[in-house]
Amino acid sequence: MLVGVCDFPGSYAFPPAGYGGIERWLWAVAVGARTAGADVHLIGPGWLEDLEDRWVRKPVRLEDVTAGSLAERELKSAGYDLLVVGHEYPSRPSWVRTWRELDCDVATFQHSPSFQHTATTFDGDHSRLYCYSPEMIERYAAHSPTRELAVHLGLNEEEPPAVKGQDLVWLGRIDEDKAPHLAVRAAQILGRRIRLVGPVFDQDYVRRYEDVLAADHVEWVGELGGAAKTAAITEGSVFVYTYARDYVEAGAAVFGESLRAGTPIAGLTWRDGTCAQAALCERTGATVVVDPAADDESAAHALAEAIERASTLDPSDVQETGFARFDPANHFKAMAAL
C-alpha cells in the first residue's frame, strides 16, 4: 500500500517539536503507516528536508499542481492508494481536482469544530472523515463521519517508563478557549503546585486573570518541545485538562500525550460526549461534568475533586492503557479501512 501524507501551509514544521496539532497528527499517521507496513511519501514542501535520508519526500502541494503538468504525471505514476490530508483541503476545488486525477482514497481528521465542508466532500467510502468524540460526530453528521481517537507524535518525544510524578501539570495554548485559570484555581484549592506549559496566545486573557495565574503555587514553564516537553508531562502527578464553556474541543493531542507518558488526567467538561470522555476511562483519569451556568469557583472545586480521584491511579497502568489506546499503527489501520 502506498500512502501520501500531505502537509499544508502553516507556521509549524512537519513534524513539529513541541506545539502543533494537525502537524503532529499527520506525522503520527506517517509513522503509523510505515509501522503498519505501508510505503509512505511525505507530500508537500513543509516537511523537514533532513528527513530525506529516511523518507521519500515529494515537495509539491496538490492545490498547486496544474492539469497535464509534469508534477501531475509524476504523482499519477506513483500509484497512491491513500492520501491523508489535514484542515479543509478536501473541500478546496484546486486540491480536489488533482486528487481526482490520482484516483485514490482520501482521509482526514476533523481538527476544527467549526469549519463547514462542502456537501459532497465525503462519501464515507473513498473520501472519509474521522471525528474524535460523539459531540464532533453529531456536528459533522452530514458527512457520514467515523469515530476514531486521533494519535499525535512530535520529534524526539519518545516516552520513558512511567513514574509517580509530583506537581500538577497543564499543557496547551494559554488563552480564553483553553481556560488554564480554572486548573490553577483547582490546584490552589488542593494546596498543590501546578506547572503551566505552553505559549501565551492571548495577553488580554493573562491580564484579566493575573491574580490567579500569578499566584505563588504556579510555575510558568513556557513552550517546550522534544524530550523536555515529554519530561514535563511525565513528571506530573496529574495532567489537568480545562477549556471554556462555549469552546468545542475537536480532539486535543494532550490526551494521548499524557496517557502515553503514564500521567493520569483530570478533565473538566461542560457537557456529555466530549473528547475528554471519549479519550479517558476509569483506568486513565477522572472527568467531571459541570453545569455551564455554574461560576468559576464551583467549577474549580469540582475539578479539584477530579484531580484527587485521578491522583490514585497507577502510572504504569495508565501508560500501558495509553500505548494501547493511542497506537499510531492501529490508528492508521483504522483510517485506512484495513
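Analyst: Start with a charge and a ring. The charged end of Arg34 sits over the ring of Trp55, 3.6 Å from the ring's centre. This is a predicted model, so every value here is computed from predicted atoms.

Among the buried ones are Ile22, Trp25, Leu26, Trp27 and Val29. Glu23 and Arg24 are buried too. An α-helix has 3.6 residues a turn, so residues three or four places apart point the same way. Just after H1, Gly37 takes a positive phi of about 100°.

The largest nonpolar core has 103 residues. H1 gives the most to this core, with eight residues. The residues with the most contacts inside the core are Leu83, Trp95, Tyr132, Tyr241 and Phe255. Another core lies apart from it, with seven residues, including Phe122 and Met136.

Next, the rings. The whole structure holds 11 aromatic pairs. One of them joins Phe14 and Trp47: the ring centres are 5.3 Å apart and the planes meet at 55°, so the pair is tilted. Phe14 lies in the loop between strand E1 and H1, while Trp47 lies in the loop between strands E2 and E3. They are 33 residues apart, and the pair links these distant parts of the chain. Both Phe14 and Trp47 are buried.

A second pair is Tyr132 with Phe255. Here the centres are 6.4 Å apart and the planes are at 45°, so this pair is tilted. Tyr132 is in the loop between strand E6 and helix H4, and Phe255 is in helix H9, so the pair ties together parts 123 residues apart in sequence. Tyr132 and Phe255 are both buried. H1 has a place in this ring network through Trp25. Ring pairs link Trp25, Phe109, Tyr132, Tyr241, Tyr243 and Phe255 into a cluster.

Turn to the strands. Seven of them form an open sheet with parallel pairing, in the order E3-E2-E1-E4-E5-E6-E7. E3 and E7 stand at the edges with a single partner strand each, so one side of each has no neighbour in the sheet. Five bridges join E1 to E2, which run parallel. Across this pairing, Cys6 stands opposite Ile43 in E2.

Strand E9, residues 194-197, is also worth a look. E8 and E9 run parallel, joined by four bridges. The partner of Leu171 in E9 is Val197. Between E8 and E9 the chain passes through helix H5, and this β-α-β crossover is right-handed. E9 also pairs with strand E10 in the parallel sense, over four bridges. There, Leu196 stands opposite Trp220 in E10.

Which way do the residues of E9 point? Ile194 and Leu196 point one way, Arg195 and Val197 the other, and all are buried. In a regular strand the side chains alternate between the two faces of the sheet.

How values were computed: Residues are numbered from 1 along each chain as its sequence is written. This is a predicted model: local features need pLDDT of at least 70, side-chain atom pairs count only at pLDDT 80 or more; totals for chains, interfaces and linings use all residues. Side-chain values use heavy atoms; hydrogens and water are left out. Buried means under 20% relative accessible area, exposed over 50%, partly exposed in between (1.4 Å probe, protein chains only). Helices (H or I, at least four residues) and strands (E, at least two) are DSSP runs, numbered from the N terminus. Two strands pair if DSSP finds at least two bridges between them. A crossover is right-handed if, with the strands pointing away from the viewer, the path from the first strand over the helix to the second runs clockwise. Rings of Phe, Tyr and Trp (its six-membered ring) pair if their centres lie within 6.5 Å; planes under 30 degrees apart count as stacked, over 60 as edge-to-face and the rest as tilted. A charge sits over a ring if NZ of Lys or CZ of Arg is within 6 Å of the ring centre and within 35 degrees of the ring normal. A nonpolar core is a set of buried Ala, Val, Leu, Ile, Met, Phe, Trp, Tyr and Cys residues joined through side-chain atoms within 4.5 Å.
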